[in-house]
Amino acid sequence: MKEQRLHLNDDAYTISGGSLYVDAREEGYDLGSRESAALLAAIGADLEAGTWGNYDWFDQSNDGAYALGLDLQFTYFVEERGESYESRNWITVAVWPDMVSTVACLQELGLVTEEDLITYEDLYAQEEAQREEAWQDTMAMETAPDTSVSSYVYTY
């Protein structure tokens, strides 16, 4: 099923581009056809090695996946009423820590660093810790005794 969805060994589809969003840096990249083809080959290698992972129907947020948004786009031709036109198809790929070929390809292309390879679960935990710390700082400021010196001048 995954092989079919990636259009591996299907000459009707051509990898034409894609995009990558790195959540840790809040940066996105448009991928060219060569970058996308390299990533497709790496994902295919992970699929063949059995390291792509299995879909978890109960983990809707992919907490264990790296905090990366990877989309690949394909083009194909449709014949209709004697005319041919180009159409597009895409797939979103969750990148898991076990996908060593895909991760290596992302690094070789200069798209991610070791610091970017953080799971959603860990990224959310960091963000939550930062929010909690900010909240505690705010509460400490609001409940701290007023130590400012006020002087009142009364004139009669």
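This is a predicted model: local features need pLDDT of at least 70, side-chain atom pairs count only at pLDDT 80 or more; totals for chains, interfaces and linings use all residues.

**Leu20 and its surroundings**

Modeller: Start with Leu20. Leu20 touches Glu27, Gly28, Tyr29, Leu31, Leu68, Gly69, Leu70, Leu106, Leu111 and Val112, leaving out residues up to four places away in sequence. Contact means heavy atoms within 4.5 Å.

Colleague: Fine. Where does Leu20 lie?

Modeller: Leu20 lies in strand 1. Helices (H or I, at least four residues) and strands (E, at least two) are DSSP runs, numbered from the N terminus.

Colleague: Is Leu20 buried or exposed?

Modeller: Leu20 has a relative accessible area of 2%, so it is buried. Buried means under 20% relative accessible area, exposed over 50%, and partly exposed in between (1.4 Å probe, protein chains only).

Colleague: Which residue stands opposite Leu20 in strand 3?

Modeller: Leu70 does. The C-alpha atoms of Leu20 and Gly69 are 5.4 Å apart, although 49 residues separate the two along the chain.

Colleague: Tell me about Leu70, then.

Modeller: Leu70 is in strand 3, residues 68–80. Its relative accessibility is 0%, so Leu70 counts as buried. Beyond four places in sequence, Leu70 touches several residues, including Leu31, Leu39, Ile43, Ile91 and Val93. Val95 is on the contact list of Leu70 too. The C-alpha atoms of Leu70 and Val95 are separated by 7.6 Å, with the two residues 25 apart along the chain.

Colleague: Zooming out. How many helices and strands are there in the chain?

Modeller: The protein chain has 4 helices and 4 strands. Along the sequence the pattern reads α-β-β-α-β-β-α-α. The chain has 156 residues, and buried ones make up 28% of them. Take contacts between residues at least 6 apart in sequence: 68% of those join residues at least 24 apart.

Colleague: In what order do the strands sit in the sheet?

Modeller: The order is 2-1-3-4, in an open sheet of 4 strands with antiparallel pairing. Strand 2 and strand 4 (83–93) are at the edges with a single partner strand each, so one side of each has no neighbour in the sheet. The twist averages 15° from one strand to the next.

Colleague: What holds strands together in general?

Modeller: Strands of a sheet pair through backbone hydrogen bonds, either parallel or antiparallel. Here, two strands count as paired if DSSP finds at least two bridges between them.

Colleague: How many bridges join strand 3 to strand 4?

Modeller: There are 11, and the two strands run antiparallel. Gln73 has Trp90 as its bridge partner in strand 4. Gln73 in strand 3 also stands opposite Gly17. Strand 1 (residues 14–22) and strand 3 pair antiparallel over 8 bridges. Tyr21 has Gly28 as its bridge partner in strand 2.

Colleague: New topic: helices. At what angle do helix 2 and helix 3 cross?

Modeller: Roughly 160°, with the axes of helix 2 (residues 33–49) and helix 3 (residues 100–108) coming within 7 Å. Axes are lines fitted to C-alpha atoms, for helices over the stretch in contact, and angles run from 0 to 180 degrees between N-to-C directions. Helix 2 and helix 3 are therefore roughly antiparallel. Angles under 35 degrees count as roughly parallel, over 145 as roughly antiparallel, 65 to 115 as roughly perpendicular and the rest as oblique.

Colleague: Which residues of helix 2 make the contact?

Modeller: Ala38, Leu39, Ala42, Ile43, Ala45 and Asp46, meeting Val100, Ser101, Thr102, Cys105 and Leu106 of helix 3.

Colleague: Is Asp46 buried or exposed?

Modeller: Asp46 has 1% relative accessibility, so it counts as buried. Its contacts beyond four places in sequence are Thr51, Trp52, Asp98, Met99, Val100, Ser101 and Thr102.

Terms used: Residues are numbered from 1 along each chain as its sequence is written. Side-chain values use heavy atoms; hydrogens and water are left out.
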